[in-house]
Amino acid sequence: MYDNHRPTAELQALDAAHHLHPFTDGDALNRKGARIITRAKGVWLTDSDGHQILDGMAGLWCVNVGYGREELARVASEQMLQLPFYNTFFQTSHPPAIALAAKLAQLAPGDLDHVFFNGSGSDGNDTNIRMVRRYWQALGQPERSVIISRWNGYHGSTMGAASLGGMKGMHEQGGLPIPGIAHIDQPDWWSEGGEMSPEEFGLARARLLADKIEEIGPSKVAAFIAEPIQGAGGVIIPPETYWPEIQRICDAYGILLIADEVITGFGRTGNWFGSQTLGIRPDIMTTAKGLTSGYVPMGASIVSRKVAEVINGSDEFAHGYTYSGHPVAAAVALENLRILEEEHIITRVREVTGPYLKAAWEQLTEHPLVGEARITGMMGSIALTPHKASRAKFAAKAGTVGLICRERCFANNLVMRHVGDRMIISPPLVITEEEISLLMTRARLALDQTL
Ligand code: PLP
């Protein structure tokens, strides 16, 4: 068992000596030492020096019901005692996976009524790559294998998911992308819209999908994947014209639409799924994070009847993970969904706390450093700029000012993330109005200290 009471310096030294961190500048980390989080409750983290930190990121956009929910710990413990593991391969199943699949089918929109369980969002997107290719193969069109996604999108870190993602820095490391993936640009109107109205820009960016399909050849395209609202690239909320046109193009060419709901699923946008908020009819949704509120790892691809019937109706789909439908994760997910539903947490985001946060967040544009504030539900970002009218970028290397602001936030006991020179929030959905006000006070203070 680990020792929660070890002095911070000792923990930092051990961490530096043995721990390789994801998405971390290791040199910088080892110079400064990690900030060590030892416990959490509600929206509050406690570090190894006893500071109380307001978590404006819900961990990694995932702790939707907040930290420290005893019900989740209880069901995990009961499930571990009853059936800690069994697989769902080779004609077997178990009650938690069955109940969770049925619950997700009930919550998901349209005919999304089948579930393939994954371990995370990344391997979920790998599942989706293989599933859509398998779908077209089973229908006798194996040449339909190209998947179109978007630059600056994030779909995870496995070879497949990072290939779908459009993070060029990731592509430069490790032979990415895998074959059969193409990218189009994002609908980021504030950053790239120029003289166009948001409506014109939304249409123009959506039509890039049709152009790309024509360039590749319509008979070769299997699917388009996108996040309803792009998260880790800066919370890119598309103009209203964007998604209807994307949907029309997918329908017109008969290609499958995958909505990556790893962030937007389970309430973050004020509905159960971002597809409902944005009016999208996907064939597959990737989910993870908020499915268990991050208490245990789990992902789920929620699949339409149309696709599921083809997958089930052909030879065995040669794909799966040991932990697909893990009983403990499934039990925790079910309890997490019960909490979201019975405590009306998503309705509150839509009707009360979301609008309250939006009003406060948009006031940040009055700050001299903030060029744009955008937000839907409980996910938002601000663009930092030295000159609002021209939307200029800072002379320093992109991300330098964002990093300073993030560090100022952290010093003021607030977690906000930076993506380049954008600051992001995505707090637990249970955040109260009082806590939102405190978050805004600390964010403003950090902005003042960044000036
Ligand atoms: N898809 C989206 C939209 C994400 O934001 C993420 C993670 O942030 C992933 C996929 C990958 O999920 P995971 O980190 O659980 O593998």
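**Close-up views of a predicted model**

**View 1. Helix 15 and helix 17 are roughly parallel to each other, because angles under 35 degrees count as such.** In this predicted model, helix 15 (residues 345-362) packs on helix 17 at an angle of about 20°, and the two axes lie 10 Å apart. The crossing in which helix 15 passes helix 17 is right-handed. From helix 15, the residues Thr 353, Tyr 356, Leu 357 and Ala 360 meet Glu 433, Ile 436 and Met 440 of helix 17. By class, the residues of this contact between helix 15 and helix 17 comprise five nonpolar, one polar and one charged.

**View 2. Helix 16 packs against helix 17 with their axes 8 Å apart.** The angle between helix 16 (residues 400-411) and helix 17 (residues 433-450) is about 130°, and the two helices are therefore oblique to each other. Helix 16 passes helix 17 in a crossing that is right-handed. On the side of helix 16, Val 401, Ile 404, Cys 405, Arg 408 and Cys 409 take part, and they meet Arg 442, Ala 443, Ala 446, Leu 447, Gln 449 and Thr 450 in helix 17. The residues of this contact of helix 16 with helix 17 divide into seven nonpolar, two polar and two charged.

**View 3. The ligand is surrounded by 15 residues.** The closest of these residues are Ser 120, Gly 121, Ser 122, Gly 156 and Val 262. Helix 6 (residues 121-138) supplies the largest share of the shell around the ligand, namely three residues. Sorted by class, the shell around the ligand holds seven polar, six nonpolar and two charged residues.

Note on methods: Residues numbered from 1 in each chain as written. Predicted model: local features only at pLDDT ≥ 70, side-chain atom pairs only at ≥ 80, totals over all residues. Axes fitted to C-alpha atoms, helices over the stretch in contact; angles between N-to-C directions. Helix = DSSP H or I, 4+ residues; strand = E, 2+ residues; numbered from the N terminus. Parallel < 35°, antiparallel > 145°, perpendicular 65-115°, else oblique. Left-handed = near helix turned anticlockwise from the far one by under 90°. Contact = placed C-beta atoms within 7 Å. Nonpolar A, V, L, I, M, F, W, Y, C, P; charged D, E, K, R; others polar. Near = placed C-beta within 6 Å.
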